[in-house]
Amino acid sequence: MDKKRSNPMEWLNQMVGEPYYFFHFLSFFSYFIVRSSASNVLSPQITQLLFYREIQAVLAFFMLIAYKMAREETWEAFIADTLFVGKIFLIALTLIMDYHLTLWYFVVFSVIYVLTQQPPYEELGSASKLTPLQLEALLTEGNTSRFWLVEFRASFSSSCRRASRCFPELSITYSNKNLSFGIVDLGLFPNAAEKFGISPGGSMGQLPTYILFENAIEVSRFPEFNFEATPTPSITKRLLARHFELDWHLLEYVNGK
């Protein structure tokens with residue numbers, strides 16, 4: 001995972017200020033209150049079984065988190081996966097105590113899912129937020145960059161939120177006079193999807209979409225038009241840099257070509 005992810009104080013501020021994190025924190029914290037109260041009601045056999053299962057769950061949780069920490073590239077994806085795994089283990093533990101408690105937590109997590117969403121990474125790096133009209137104008141003007149790499153995203157797409165950190169950080173590394181980075185929010189401009197050949201569909205499977213333009217002509221995109229034929233891998237900075245040959249573009253600029 002990226003070493004430049006949010007520091008602990010920033011994460012604490014988000015946990016208190018963002019409903020998505022705050023309600024998850026309250027839900028997980030409530031388990032300790034329920035657990036201490038249930039100790040007086042459950043039989044010794046159930047209490048002992050629950051204790052063993054809690055130890056197993058904690059060990060398995062930390063093993064999975066260590067694996068995710070090594071594999072995930074963005075802080076947002078890591079937090080999303082951590083909360084998902086935590087909810088699975090919590091619901092499994094409540095099944096040992098009472099299935100009514102399991103149903104209650106299931107309802108709580110469903111309400112959180114419906115009413116809140118994980119906040120995306122807010123920084124833009126060297127990228128520019130663009131409207132479709134601004135993008136068209138920049139692509140057609142002769143005095144702008146030769147290449148434009150544009151991310152088409154929507155804030156309500158979980159895939160976009162998970163990958164929201166990749167594009168701004170790529171723009172900081174690779175932005176130059178020949179290559180500029182732009183972001184178009186299809187949640188604000190849904191009509192632009194058809195114009196640029198993006199078919200979100202019901203599952204939002206094509207979001208985010210990245211298109212590289214050279215002199216106003218599309219030369220490459222990710223995912224490809226036939227993305228349904230093969231599973232789309234998780235968006236990472238390494239994947240985007242390799243797909244769009246960003247290292248080559250940077251070397252071309254450095255060499256003055």
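Reader: In which sense do strands β2 (residues 147-153) and β3 pair, and over how many bridges?

Author: The model is predicted. In it, β2 and β3 pair in the parallel sense, over 7 bridges. Two strands count as paired from at least two bridges on, so the 7 bridges between β2 and β3 meet the rule. Within this pairing, Glu151 stands opposite Ile183 in β3.

Reader: What makes strand β1 (residues 128-130) and β3 a pair?

Author: Strand β1 is joined to β3 over 3 bridges, in the parallel sense. The rule asks for at least two bridges, so β1 and β3 count as paired. The bridge partner of Ser128 in β3 is Gly182.

Reader: Why does Thr209 count as buried?

Author: Thr209 has a relative accessible area of 0%. Buried means under 20%, so Thr209 is buried. This residue lies in strand β4 (residues 209-214). Apart from neighbours within four places in sequence, Thr209 is in contact with Val150, Glu151, Phe152, Ile198, Arg221, Phe222 and Pro223.

Reader: How do you know that Leu240 counts as buried?

Author: Its relative accessibility is 1%. The limit for buried is under 20%, so Leu240 falls into that class. Leu240 has its place in helix α10 (residues 237-243). With neighbours within four places in sequence left aside, the contacts of Leu240 are Leu170, Tyr210, Phe222, Ile235 and Leu246.

Reader: What separates the C-alpha atoms of Leu240 and Arg221?

Author: The separation is 9.8 Å, for two residues that are 19 residues apart along the chain.

Reader: Why does Leu26 count as partly exposed?

Author: Leu26 has 38% relative accessibility. Partly exposed is the class between buried, under 20%, and exposed, over 50%. The value of 38% therefore makes Leu26 partly exposed. Leu26 lies in helix α2 (residues 19-38).

Reader: Which residues form a nonpolar patch on the surface?

Author: The patch consists of Phe22, Phe23, Phe25, Leu26, Phe29, Phe32 and Ile33, with about 670 Å² of accessible area together. Patch residues need over 30% relative accessible area; Leu26, at 38%, therefore passes that limit.

Reader: Which residues does the UniProt annotation "transmembrane region" cover?

Author: The unreviewed UniProt entry gives residues 20-38, 50-67 and 88-115. In the model, residues 50-67 are 100% helix and 0% strand, with the end C-alpha atoms 25 Å apart. Residues 88-115 are 96% helix and 0% strand, and their end C-alpha atoms lie 20 Å apart.

Reader: What makes the contact of Arg165 and Glu76 a salt bridge?

Author: The N to O distance between the two side chains is 2.9 Å. The limit is within 4 Å, so the pair qualifies. The pair links distant parts of the chain, 89 residues apart: Arg165 sits in the loop between α7 (158-162) and α8 (166-174), and Glu76 in helix α4 (residues 75-97). Both residues are buried.

Reader: How do you know that the side chains of Arg165 and Glu169 meet in a salt bridge?

Author: Their N to O distance is 3.8 Å, and a salt bridge requires within 4 Å; the pair therefore counts. Arg165 is buried because its relative accessible area is 2%, and Glu169 is buried at 12%. Salt bridges with shared partners join Glu76, Arg165, Glu169 and Lys237 into one network.

Reader: How many salt bridges does the count come to?

Author: The count is 11 salt bridges.

Reader: How many helices and strands are there in the chain?

Author: The chain has 11 helices and 5 strands. Of its 257 residues, 42% count as buried.

Terms used. Residues are numbered from 1 along each chain as its sequence is written. This is a predicted model: local features need pLDDT of at least 70, side-chain atom pairs count only at pLDDT 80 or more; totals for chains, interfaces and linings use all residues. Side-chain values use heavy atoms; hydrogens and water are left out. Patches are made of residues with over 30% relative accessible area and no salt bridge: like charges are joined within 9 Å, nonpolar side chains (Val, Leu, Ile, Met, Phe, Trp, Tyr) within 5 Å. Accessible areas come from the Shrake-Rupley method with a 1.4 Å probe; for residues, only the protein chains shown count as cover. Helices (H or I, at least four residues) and strands (E, at least two) are DSSP runs, numbered from the N terminus. Buried means under 20% relative accessible area, exposed over 50%, partly exposed in between (1.4 Å probe, protein chains only). UniProt positions are given in the numbering used here, feature names are shortened, and annotations may be inferred rather than shown by experiment. Contact means heavy atoms within 4.5 Å.
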